[in-house]
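Subject: Structure handover and notes

Dear colleague,

I am passing on the structure we spoke about, and my notes on it come after it. Please read them with the structure open beside you.

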Amino acid sequence: MSPQKVTTAIFPIAGMGTRFLPATKSIPKEILTLVDKPLIQYAVEEAREAGIEDFIFVTSRGKGALEDFFDVNQTLERALRAAGKTELLATLEATNIDSGHVTYVRQHEALGLGHAVWCARRLVGDEPFAVILPDDMVVADRPCLAQMIEAHEEVGGSIIATMEVPPEKASSYGVLDIEERQGALIRPRGIVEKPKAGTAPSNMAVIGRYILGPRIMRHLDRRTVGAGGEIQLTDAIAHELAAHPGSVHGFRFQGERFDCGSKAGFLQATVALALQREDLRGEFSTFLRAIAEQYGLGVPNAAPLRSVAAAS
């Protein structure tokens with residue numbers, strides 16, 4: 001029997017964004033813009049392109065501006081329509097999510113990623129679902145989640161996006177204990193959240209894209225406290241692996257990941273996305289070359305940008 005189709009995605013966005021203060025004092029970090037789109041819009045567009053139909057945002061106090069962003073702004077739409085600005089109108093309409101396909105759930109306490117996902121348990125029911133962390137921006141010819149859904153249709157179970165990281169950075173991630181590699185798919189025997197320096201079982205780290213089977217919610221029901229005193233999604237995945245070997249696969253996606261939860265990663269993503277834009281590339285690359293020459297950094301090009309992204 002073919003695996004169930006994945007049509008629902010959870011976006012855990014309850015964090016306060018303290019690394020971006022003072023900007024995030026009154027603005028949700030997720031609507032800070034990369035070039036001209038909020039970070040969260042890139043995540044939603046990736047989900048849509050992968051066939052996601054229902055969107056669950058796990059939020060917290062102070063995220064009202066984000067909820068408004070995905071709502072219809074009839075006043076602005078009428079003004080653009082009256083002015084004949086059809087291109088801008090289409091851009092605006094692309095940010096709307098239809099009523100009945102978006103839900104907002106409050107996470108009242110910051111108890112970890114696993115708890116945030118668990119908050120949406122009644123909405124996903126007994127079906128597989130995706131989890132997208134907007135802080136992890138993946139720039140790819142084909143959306144990362146679409147690649148993962150294709151793999152899920154082949155093997156079912158749970159799929160977690162993975163990438164190689166330098167060994168010295170492995171302690172910042174969930175890390176796979178690898179049993180077997182099968183092309184882009186990795187069969188792990190286990191997974192460790194934030195291993196102590198020098199103890200990581202591999203350098204294959206988990207990033208913020210998941211397709212998870214419904215049993216994951218049952219593991220999260222235990223509300224087991226893990227690394228950092230939080231309820232870790234990684235621990236629930238580890239329980240699933242232990243109970244059902246072979247039910248979880250790592251997936252080596254094609255694309256570049258930027259850590260937009262950090263200022264450096266946010267800036268790197270902004271530069272990379274701007275250089276992909278035909279309307280910006282010429283003027284912006286000229287500016288970058290001038291800045292690089294001014295500070296004696298050499299001439300920036302696509303290759304160092306890609307290597308910086310992979311290391312971030």
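This is a predicted model: local features need pLDDT of at least 70, side-chain atom pairs count only at pLDDT 80 or more; totals for chains, interfaces and linings use all residues.

Residues are numbered from 1 along each chain as its sequence is written, and side-chain values use heavy atoms, with hydrogens and water left out.

The chain holds twelve helices and 13 strands, these being DSSP runs numbered from the N terminus (helices are H or I with at least four residues, strands E with at least two). Its radius of gyration is 20 Å, which agrees with the value near 20 Å for a compact globule of 312 residues; the radius is taken over C-alpha atoms, and the globule rule is 2.2 Å times the number of residues to the power 0.38. Of the 312 residues, 47% count as buried (under 20% relative accessible area, with exposed meaning over 50% and partly exposed in between, for a 1.4 Å probe and protein chains only).

The axes of helix 3 (residues 74–82) and helix 4 (residues 86–93) come within 8 Å and cross at roughly 160 degrees, where axes are lines fitted to C-alpha atoms over the stretch in contact and angles run from 0 to 180 degrees between N-to-C directions. Helix 3 and helix 4 are therefore roughly antiparallel (an angle over 145 degrees). Leu76, Glu77, Leu80 and Arg81 in helix 3 meet Leu88, Leu89, Leu92 and Glu93 in helix 4, with contact meaning heavy atoms within 4.5 Å.

Aspartate 221 sits in the loop between helix 8 (215–220) and helix 9 (233–243) and, at 42% relative accessibility, counts as partly exposed. Leaving aside neighbours within four places in sequence, aspartate 221 is in contact with Trp118 and Arg121; the C-alpha atoms of aspartate 221 and arginine 121, 100 residues apart along the chain, are separated by 9.3 Å.

Some backbone geometry also deserves a look. Most residues other than glycine have a negative phi, and most peptide bonds are trans. The peptide bond from leucine 21 to proline 22, however, is cis, with omega near 10 degrees, and valine 35, although not a glycine, has a positive phi of about 65 degrees. Lysine 194, in the loop between strand 10 (185–193) and strand 11 (204–212), likewise has a positive phi, of about 45 degrees.

Best regards

Notes: Angles under 35 degrees count as roughly parallel, over 145 as roughly antiparallel, 65 to 115 as roughly perpendicular and the rest as oblique.
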